[in-house]
Amino acid sequence: MAGGATSQGKAGRIWRYVPRGHPVSWWMLLVTTGAILITSIDRTILPTVLPAILREFDLSTAQGGLLVSLSFAGMAVGGIILGTLGDSPGRGPRRAWMWGVALLFEIVGAVATALSSTLNQLRASRILGGMGEGSMEPVNVAMVGEWWQKENRGFAVGTHHTGFPIGQFVGPALIGALLAVGTWRTAFLVIPLIGIPIFVLQTVLARKRNLEKVNRWVRERGMTPSVTVDQIEGEGWTNPWTNIRLALSYRNVRLAVLTNFLLLFSEFGIASFLTLQLTQKAGLSLGEAAVVSGASGITGWIGQIVWGTVSDHRGRKFSLGIISVGLAVATLAMIFINSAALGWIILIGWGLFRNSPYPVLYSSVIDTVPDAASSGMGLMIGVGLGVSGTIVGSVSGYIIEHFGFSWNYLLLAAIYLSTLIPVMMMRETAEGRVPTRR
């Protein structure tokens with residue numbers, strides 16, 4: 001009897017990790033994951049085709065890094081400005097329309113990139129496209145968090161963010177296929193248009209009557225809705241500056257911005273020059289290198305779902321600490337990539353951690369300041385994604401050109417480990433323990 005009771009107790013503890021959700025919540029999760037998928041694929045286009053752009057415009061590695069930096073500068077502007085505007089119309093159904101605005105910036109920038117005939121045109125178009133890429137994510141993450149109960153927010157955001165590792169694998173493969181029938185310009189012309197049907201589906205699902213169904217189901221099962229229709233109806237247009245000040249008034253948000261900056265600096269220091277390493281050190285063709293560079297996407301979805309779910313039950317800080325150490329170890333292993341086989345093995349291992357910290361950080365921000373969630377994540381993405389990306393292209397490009405890939409990886413691994421400091425200073429927010437202001 002005792003043994004049976006113990007087994008039942010263990011099964012019960014495991015079962016509580018399995019989330020439950022209303023059908024509309026699951027459909028919204030599927031569609032918003034598609035939105036993150038196209039965001040991820042869009043971000044892989046430039047680093048994947050960078051060698052071809054370097055040849056056509058006769059650029060050095062450092063100049064190519066500057067081009068990457070300009071794209072990230074646009075992301076900084078888009079994340080901060082358009083991400084903050086994602087809160088201004090209000091929560092729930094209204095966010096879907098703000099994502100459409102971000103998508104429009106991305107499509108216009110991508111088409112302009114494909115039609116560029118001079119280097120200055122190329123640089124300007126990447127800034128515009130970066131604005132769209134930088135603002136698509138915070139608006140979408142804030143939206144998916146509102147269609148799931150608070151108790152399973154980490155799972156929802158983590159699963160939603162599987163679009164990134166899937167895009168990191170599917171994107172280079174899709175780009176490789178387009179390169180086989182066209183040029184690097186073809187990728188910029190075709191891929192961003194996939195976002196249009198996703199936008200349509202989001203706006204169809206994101207309706208008040210669907211939110212009422214979700215919240216009724218959530219309350220009947222003793223759980224907590226993230227946002228209610230009554231709250232939405234009482235909201236008007238809010239000042240973006242007010243939303244920024246509200247988000248930054250919380251220490252957790254400020255620490256999340258710093259942590260995200262350090263994490264993304266290292267990630268983009270790797271990703272921006274990965275195809276270059278595979279073509280130069282492993283001797284692969286551009287098409288082959290494009291496919292191998294996306295290997296982390298094979299396992300990336302596992303880490304995001306697992307660590308997002310674990311963070312709901314064991315805490316956000318617990319998950320982030322383990323992820324940071326795993327990222328540092330995987331980065332050091334990349335020093336030894338000199339063949340396609342080693343590339344596959346090491347990058348698949350990297351995938352278990354690569355995208356995992358972001359949904360945990362985003363969940364912490366939504367936990368902390370739900371009324372300005374898009375603003376908080378817009379700051380995270382604007383500063384983390386935009387500013388780090390703006391700097392890292394030139395820094396890593398210079399290090400690789402003068403000292404080699406190994407020194408670049410040593411620096412990036414050290415930066416990954418440094419994230420443990422702000423993580424230790426954060427207040428835990430899982431299971432409804434909201435931190436005090438400042």
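Guide: A salt bridge is a side-chain nitrogen of Lys or Arg within 4 Å of a carboxyl oxygen of Asp or Glu. Keep in mind that this is a predicted model. By that rule, the count comes to five salt bridges.

Start with Glu220 and Arg221. Their side chains meet in a salt bridge, at 3.5 Å from N to O. That falls within the 4 Å limit, so the pair counts. Glu220 is exposed, with a relative accessible area of 58%. Arg221 is partly exposed, at 35%.

Now go to Arg354 and Glu267. The side chains of Arg354 and Glu267 form a salt bridge at 3.0 Å, N to O. Arg354 sits in helix α18 (residues 340-354), while Glu267 sits in helix α13 (residues 251-271). The pair therefore ties together parts that are 87 residues apart in sequence. Arg354 is buried, at 6% relative accessibility. Glu267 is buried too, at 3%.

Step back to the protein chain for a moment. Its secondary structure comes to 22 helices and zero strands. Buried residues make up 61% of its 438 residues. Take the contacts with a separation of 6 or more: residues 24 or more positions apart account for 84% of them. The chain exposes about 16300 Å², and carbon and sulfur atoms supply 68% of that.

Charge also meets a ring. Arg314 lies over the face of Phe318, at 4.3 Å from the ring centre.

The structure holds six aromatic pairs. One of them joins Trp26 and Phe155, with ring centres 5.8 Å apart and planes at 70 degrees, so the pair is edge-to-face. Trp26 lies in helix α2 (residues 23-57) and Phe155 in helix α6 (residues 153-160), so this pair ties together parts 129 residues apart in sequence. Trp26 is partly exposed, with a relative accessible area of 37%. Phe155 is buried, at 8%. Together with Trp148, Trp26 and Phe155 form one aromatic cluster.

Stay on helix α2, where Thr33 has its place. Thr33 counts as buried, at 13% relative accessibility. Leaving out residues up to four places away in sequence, Thr33 touches Thr159, His160, Thr162 and Gly163.

Past helix α2 comes Ser60, in the loop between α2 and α3 (61-85). Ser60 is partly exposed, at 30% relative accessible area. Setting aside neighbours within four places in sequence, Ser60 is in contact with Leu54 and Glu401. Ser60 and Gly397 are 337 residues apart in sequence, and 9.3 Å apart in space from C-alpha to C-alpha.

Ile166, Val170, Trp301, Ile302, Val306 and Leu352 make a nonpolar patch of about 440 Å². Helices α7 (163-181) and α16 (296-314) each supply at least two of its residues. Helix α16 gives the most, with three. Val306 has its place in α16. Val306 counts as partly exposed, at 40% relative accessibility.

Definitions and conventions: Residues numbered from 1 in each chain as written. Predicted model: local features only at pLDDT ≥ 70, side-chain atom pairs only at ≥ 80, totals over all residues. Heavy atoms only, no water. Phe/Tyr/Trp six-rings, centres within 6.5 Å; stacked < 30°, edge-to-face > 60°. Helix = DSSP H or I, 4+ residues; strand = E, 2+ residues; numbered from the N terminus. Buried < 20%, exposed > 50% of the residue type's maximum accessible area, 1.4 Å probe, protein only. Lys NZ or Arg CZ within 6 Å of the ring centre and 35° of its normal. Contact = heavy atoms within 4.5 Å. Patch = residues over 30% accessible without salt bridge, like charges linked within 9 Å, V, L, I, M, F, W, Y side chains within 5 Å. Areas by Shrake-Rupley, 256 points an atom, 1.4 Å probe, with all protein chains shown as cover.
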